[in-house]
Amino acid sequence: MSAAARWPAPQALAALRERELHTFEGAHPRAAALTQQSELHWQGGVPFHWMRDWPLPYPVFVRDAVGATLHDVDGYSYDDFCLGDTGAMFGHSPPPVARALARQSALGLTAMLPGERVVAIGKALTAHFGLPCWQMTQTATDANRSVLRLARAVTGRSEILVFDGCYHGTVDETLVCLVDGEPRARAGLRGPPADAAAHTRIVEFNDVAALAAALADRKVAAVLCEPALTNMGMVLPQPGFHAELRRLTREHGTLLIIDETHTLSAGPGGYSRRHGLEPDLLVCGKAIAGGMPCAVYGMSAATRAAIEAMPANAEHGHSGLGTTLSANLLALAAIEACLGEVMTDAAFAHMEAQAFRLESGLIALAATRSLPWHVQRIGARVELGFGAAPARNGRESAAAMHPELERTLHLYLLNRGVLLTPFHNMMLLSPQTAPAAVDRLLTHLGAALDELAR
Ligand SMILES: Cc1ncc(COP(=O)(O)O)c(C=O)c1O
């Protein structure tokens, strides 16, 4: 039994949750009424079912969101540490992006043709991430789907490998988990066309021996990974892991795809640039265009050459890559502004300073209450873990989680104007997040812990 499962006492937790639910319901009559009305025409009362994943009887309805603050229809304002689960990591409506969108919105939204600005955008992507060649999609999910397809096409291999606890969007073959040493489709996956795990190998993050064994028969087209797991708590790579991952993938002719969608929090070139990783393909979505639907994938010169050496597709539009609205004019305007004016060293310096403030505050909060917890950070992304030691892989990270405690703490914070993602204890710091907002989070979290300890 984990330390987290022993504390707090279940009755104290249930009582606090009950009280906080009551508070929420009393304070959000407009959201309750809107939910009732929207249930007539939206499945689950929302246009996208994840919006019901918050620890609430019905969601907060947004009135507006600017910078690091969100206002709801019931008149409350929130310090936003969720930031759209990373899409708004650079703050809501970053002014350069908002201005670029306003200008472009009167000049064409989509044309399936490039504009002059694509030259500058390609150059900026290379300057940020180091890879020489790029393509755009609408979402990180679609970018991951594309790079897996390309990896299979250029290697002529069907298998892929992911790490247990990963998340790369709704790509069927990555929605797998490790059960008794074997890949299994995740229980929640709806309607896959075939066994989603049929062509996926899966090993624990940081397990070099298992990785070597899984790649040895040279049937794996690509390893798709985040440089650190960020979707199952936070699991950092152990010293030497990335060097071994790169060595083994090269040795076995397997392409290395790094998904930077969340780890863009590490800096303007993501974790890979900051730590000198050398992916063959790199994916980044969500925040890359300041919150506009947009994602990119980059490739090394060798990968580009291999892709371009493949026979041209005789049937135009039937490559299985891309969708009509990819690289539309609005997305191009947004990504240009974001890369050039938002993802700056100065912005990251502020984000990281606030993240450090939060990390230090959380460590102190746990220490003064003798809670054996730990805190992890990747640049502007902070994660509070309920295990005594940082997890080394997805299994350990999952074992340390305490969903009921998470839900209760998130609800408590929300009732006091602090918004966290509904998933584990991930907190994001934007260029507009003020030190005072960090301090408010810490004060309210401390108060919740003290109530639970009584
Ligand atoms: C690492 C990673 N890659 C890809 C995705 C998919 O992003 P999207 O839902 O925008 O397609 C996510 C979503 O959380 C993610 O965390």
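In this predicted model, one face of helix α2, made up of L13, L16, R17, E20, L21 and F24, meets E404, L405, T408, L411 and Y412 in helix α14. Sorted by class, the contact of α2 with α14 contains 7 nonpolar residues, together with 1 polar and 3 charged ones. Two packed helices are described by the angle between their axes and by the distance between those axes. Here the axis of α2, which spans residues 10-27, and that of α14, which spans residues 403-414, come within 9 Å and cross at roughly 35 degrees, and the crossing of α2 and α14 is left-handed.

The last part of the tour concerns a sheet. Strands of a sheet pair through backbone hydrogen bonds, in either the parallel or the antiparallel sense. In this model 4 strands form an open sheet with mixed pairing, in the order β1-β2-β3-β15, and its edge strands, β1 (62-66) and β15 (418-419), each pair on one side only. Strand β15 pairs with β3, residues 77-80, in the parallel sense over 2 bridges, and L419 in β15 stands opposite D80.

Technical notes
Residues are numbered from 1 along each chain as its sequence is written. This is a predicted model: local features need pLDDT of at least 70, side-chain atom pairs count only at pLDDT 80 or more; totals for chains, interfaces and linings use all residues. Axes are lines fitted to C-alpha atoms, for helices over the stretch in contact, and angles run from 0 to 180 degrees between N-to-C directions. A crossing is left-handed if the near helix is turned anticlockwise from the far one by less than a right angle, and right-handed if clockwise. Two residues are in contact if their C-beta atoms, placed from the backbone, lie within 7 Å. Ala, Val, Leu, Ile, Met, Phe, Trp, Tyr, Cys and Pro count as nonpolar, Asp, Glu, Lys and Arg as charged, and the others, Gly among them, as polar. Two strands pair if DSSP finds at least two bridges between them.
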